Amino acid sequence: KKKKNGKWRVQVYLGKTADGRQIIKTVTADTKAECVYKASVLKHEGITEEETAPTLTVGEVVEQYILSVRGVISPTTLRGYETIRTNYFRSLMPCPVSALDNLVVQQAVNEETQRSTRHGQPISPKSVQNGWGLIETALRKVCGLTFDIKLPQLQVKIKEFPEPQLIARAIKGTTSELPCLLAMWLGLRMGEIKGLDCSSVRNGCLYIEQTRVYQGGTERVKPTAKNDRSIRVLKLPPYLLSLIESATPYPNYCETGENAPLIATPRNRIYKRWKRIAKANGWEMTFHDLRSVNATIGLHIGIPDKVMMARNGYKTDYTLKKTYQQMFSTSRQEADRQIDDFFGKILG
């Protein structure tokens, strides 16, 4: 692999130690041919575990793990891994693996918990857990090491959403109406919305078969959905179908057969337009929260979890219940009223 400084790098697998840890050595050179030659010599001569272990740092182990899985993880996950490698646990990354113990790792976790983001905000417990999760997996997979440490507890945040009719009223007739309704009505993710082509509309249904992911500053088509449950077919209600039929790309597709993205608006513009609408109405909501509104509607009207999982492409009911199903503000008010009425009656 060619590095940013122009040098070439190759990693050589030299076998395993007695306790099952992989022995991997990194070779660098000015040219590709020289790098391959040095790697071949090293592979032929071999190297002992004692020679390799002191030079293997936590950062190098994380890099090795990322390289080993980059072909089977999504671009979004890969980008997250690379961000963690660059910005998280900076005191731990240059540390030799041979110097790690529970105390060293716990101290690194404590330092990371007290770190501030580039915006001056304290780093969230979830970010610390995600960062350590990658490092822990890399150390276990590459070196066979595990550690017993304590991580910061996640902050439980319950969201209350405005009534769907208020959201529908705010977006009606705007350029945000179609993408917002695809998220709130059909429960689509942003990648799925951007992955829709005109050919995705067939026989009055919407076929969710691919996503468009953002990587390296550009969007590219990923010819699979997020997971095996995400590939699905949704019946298009007449109102949504009429919005699609009036969108610029679709009539041209029906006339010429020339396929094109159904939603041509860039994702960052979709985000910004929705944030302006939410802010104008006093709602603290992200675009992805519209998908949560869909799950909350399902809970409110009593749709079985298994049906909601199939409809929205959730892999587990844990994700549906813990992450997406929240509450509407009026539902909480109605619950308070019913309980107050109950106690009012029994207390006279």
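**Figure 1. Lining of the second largest pocket in the predicted model.** By class, nine charged residues, two nonpolar residues and one polar residue make up the lining of the second largest pocket. The structure shown here and in the following views is a predicted model. The charged residues of the lining include Lys1, Lys2, Lys3, Lys4, Arg9, Glu63, Arg70, Glu82 and Arg85. Ile66, Leu67 and Thr86 also belong to the lining. Two elements, helix 3 (58-69) and helix 4 (75-87), each give two or more residues to this lining. The space in the second largest pocket amounts to about 470 Å³.

**Figure 2. The protein chain as a whole.** The protein chain holds 16 helices and nine strands. It has 348 residues, of which 39% count as buried. Among contacts in the protein chain with a separation of 6 or more, 62% are between residues 24 or more positions apart.

Figure 3. Helix 1 comprises 14 residues, numbered 32-45. From its first C-alpha to its last, helix 1 reaches 20 Å, close to the 20 Å expected at 1.5 Å a residue. Cys35, Ala39 and Leu42 are the buried residues of this helix. They lie on the same side of helix 1 because they cover an arc of only 65 degrees around the axis. Packing of these buried residues is against strand 1 (8-16) and strand 2 (22-29). The exposed residues Ala33, Tyr37, His44 and Glu45 are carried on the face of helix 1 turned away from the buried side.

Figure 4. With 26% relative accessibility, Gln22 counts as partly exposed. When neighbours within four places in sequence are left aside, Gln22 is in contact with Tyr13, Gly15, Lys16, Lys141 and Val142. The C-alpha atoms of Gln22 and Gly144 are 8.3 Å apart, although 122 residues separate the two along the chain.

**Figure 5. Helix 7 and the position of Leu166.** Helix 7 covers residues 164-171 and contains Leu166. The buried residues of helix 7 are Pro164, Ile167 and Ile171. Seen down the axis of helix 7, these buried residues fall within an arc of 60 degrees, so they line one face of the helix. Leu166 counts as partly exposed, its relative accessibility being 37%. A separation of 9.2 Å is found between the C-alpha atoms of Leu166 and Asn281, which are 115 residues apart along the chain. Gly173 follows helix 7 and has a positive phi, near 80 degrees.

Figure 6. Residues 289-300 form helix 13, which has twelve residues. The span of helix 13 from first C-alpha to last is 16 Å, close to the 16 Å expected at 1.5 Å a residue. Because nine of its twelve residues are buried, helix 13 is largely enclosed by the rest of the structure. The buried residues are Asp289, Leu290, Arg291, Ser292, Val293, Asn294, Ala295, Thr296 and Gly298. Just after helix 13 comes Gly302, with a positive phi of about 85 degrees.

**Figure 7. Phe89 in the loop between helix 4 and helix 5.** Phe89 is placed in the loop that runs between helix 4 and helix 5 (102-113). Helix 4 is also one of the elements that give two or more residues to the lining of the second largest pocket. Although Phe89 is not a glycine, its phi is positive, at about 50 degrees. The relative accessible area of Phe89 is 1%, so this residue counts as buried, the cut-off being under 20%.

**Figure 8. Asn203 in the loop between strand 4 and strand 5.** Strand 4 (201-202) and strand 5 (205-208) are the elements on either side of the loop that holds Asn203. Asn203 has a positive phi of about 55 degrees and is not a glycine. Its relative accessibility is 75%, so Asn203 counts as exposed, for which the cut-off is over 50%.

How values were computed: Residues are numbered from 1 along each chain as its sequence is written. This is a predicted model: local features need pLDDT of at least 70, side-chain atom pairs count only at pLDDT 80 or more; totals for chains, interfaces and linings use all residues. Side-chain values use heavy atoms; hydrogens and water are left out. Helices (H or I, at least four residues) and strands (E, at least two) are DSSP runs, numbered from the N terminus. The expected span of a helix is 1.5 Å times one less than its number of residues. Buried means under 20% relative accessible area, exposed over 50%, partly exposed in between (1.4 Å probe, protein chains only). The arc is that of the directions from the helix axis to the C-beta atoms. Contact means heavy atoms within 4.5 Å. On a 1 Å grid over the protein atoms alone, a cavity is a set of points where a 1.4 Å probe fits but cannot get out, and a pocket is an open set with protein on both sides within 12 Å along at least five of seven lines; lining residues have an atom within 4 Å of a point. Grid points are joined across faces, edges and corners, and a volume is the space filled by probe spheres set on the points.
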